[in-house]
Amino acid sequence: MGTKEKKRAYDELADRIRSDAAAGDDGLIRMQSFIHHCADSGLLHRCGSAFAEYFKPARPTKILTAEVSGILAALPVGIHLDIPVLIARKEVPKTFTGNLIEERLISRTKERESFLSIISDYLSEVDRVLIIDDVLARGETAAALIRLAVRAGAEVIGVGVLVEKLYEKGRELIPEEIEFASLCPIQSIERGVIQIADEGSST
Ligand SMILES: O=P(O)(O)OC[C@H]1O[C@H](OP(=O)(O)OP(=O)(O)O)[C@H](O)[C@@H]1O
């Protein structure tokens, strides 16, 4: 079930995608002017608030995301819920210590193998993890994050993404028992035109 705030976030993101996003023949959506390069803080703040309200009843204790772009979507949710945001890293700094675990995936935008790592000490069996990312495409990233959380002993209670590309069917990699929500689902890209799906397709 949606919330008023989630509907408002859908409207705002959809307007922004219509006015400022671009799409290519590769199925990728360019959103650099409001998310990926020149991030619109106000928009991301309001999207974070919508996710916080939507997932709060599931009582998340930690958020898990993937660097780099996922942080833009995840941190505002963490701030609204006042819970920690664990950032899975593609390259682990030498300064990190603890029990490192990693999962492999194929990056959608780079079309090559990539690894996501976390220090598993930051999750345990008492944690109810909410995974937040900017985009769900083929679902490789969300699936890798779910595997990391489960290996660390935590329960994954939800997955939320700002933009879901329905035509890449990433949702199929997310187990049905995990609550899923996207703020703006995209139906298709046809000859460079981005077709936004109804808000009803977002859960
Ligand atoms: O559902 P998927 O097929 O996994 O695609 C979605 C992922 O692709 C992008 O990450 P990318 O690998 O481009 O890394 P970036 O955040 O460093 O740009 C995006 O930020 C998502 O995490």
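Colleague: Which residues in H3 do Glu-5, Lys-6, Ala-9, Glu-12, Leu-13 and Arg-16 in H1 meet?

Modeller: This is a predicted model. Here contact means heavy atoms within 4.5 Å. On that basis, these residues in H1 meet Leu-43, Arg-46, Cys-47, Ser-49, Ala-50, Glu-53 and Tyr-54.

Colleague: How many residues of the contact of H1 with H3 are charged?

Modeller: Sort the contact residues by type. Six are nonpolar and one is polar. The charged residues number six.

Colleague: At what angle do the axes of H1 and H3 cross?

Modeller: The two helix axes come within 8 Å. H1 passes H3 in a left-handed crossing. The axes cross at roughly 150°.

Colleague: Which element gives the largest share of the largest nonpolar core?

Modeller: This core has 37 residues, and Ile-17, Leu-162 and Ile-194 touch the most other members. Elements giving two or more residues include helix H1 (4-20), strand S8 (155-165) and strand S10 (193-196). The largest share is eight residues, and it comes from H3.

Colleague: Which residues beyond four places in sequence is Ile-194 in contact with?

Modeller: Set aside the sequence neighbours within four places. Ile-194 is then in contact with Ile-17, Ala-21, Ala-22, Ala-23, Ile-29, Ile-186, Ser-188 and Ile-189.

Colleague: How many residues are in the second, separate core?

Modeller: Its members include Ile-131, Ile-146, Val-161 and Ile-178. The count for this core is 26 residues.

Colleague: Which residue in the turn of the S5 and S6 hairpin has a positive phi?

Modeller: S5 (residues 100-107) and S6 (residues 112-119) pair in the antiparallel sense over eight bridges. Glu-103 stands opposite Leu-116 in S6. Four residues lie between the strands. The turn residue with a positive phi, about 50°, is Glu-111.

Definitions and conventions: Residues numbered from 1 in each chain as written. Predicted model: local features only at pLDDT ≥ 70, side-chain atom pairs only at ≥ 80, totals over all residues. Heavy atoms only, no water. Core = buried A, V, L, I, M, F, W, Y, C linked by side-chain atoms within 4.5 Å. Buried < 20%, exposed > 50% of the residue type's maximum accessible area, 1.4 Å probe, protein only. Axes fitted to C-alpha atoms, helices over the stretch in contact; angles between N-to-C directions. Left-handed = near helix turned anticlockwise from the far one by under 90°. Nonpolar A, V, L, I, M, F, W, Y, C, P; charged D, E, K, R; others polar. Pairing = 2+ DSSP bridges.
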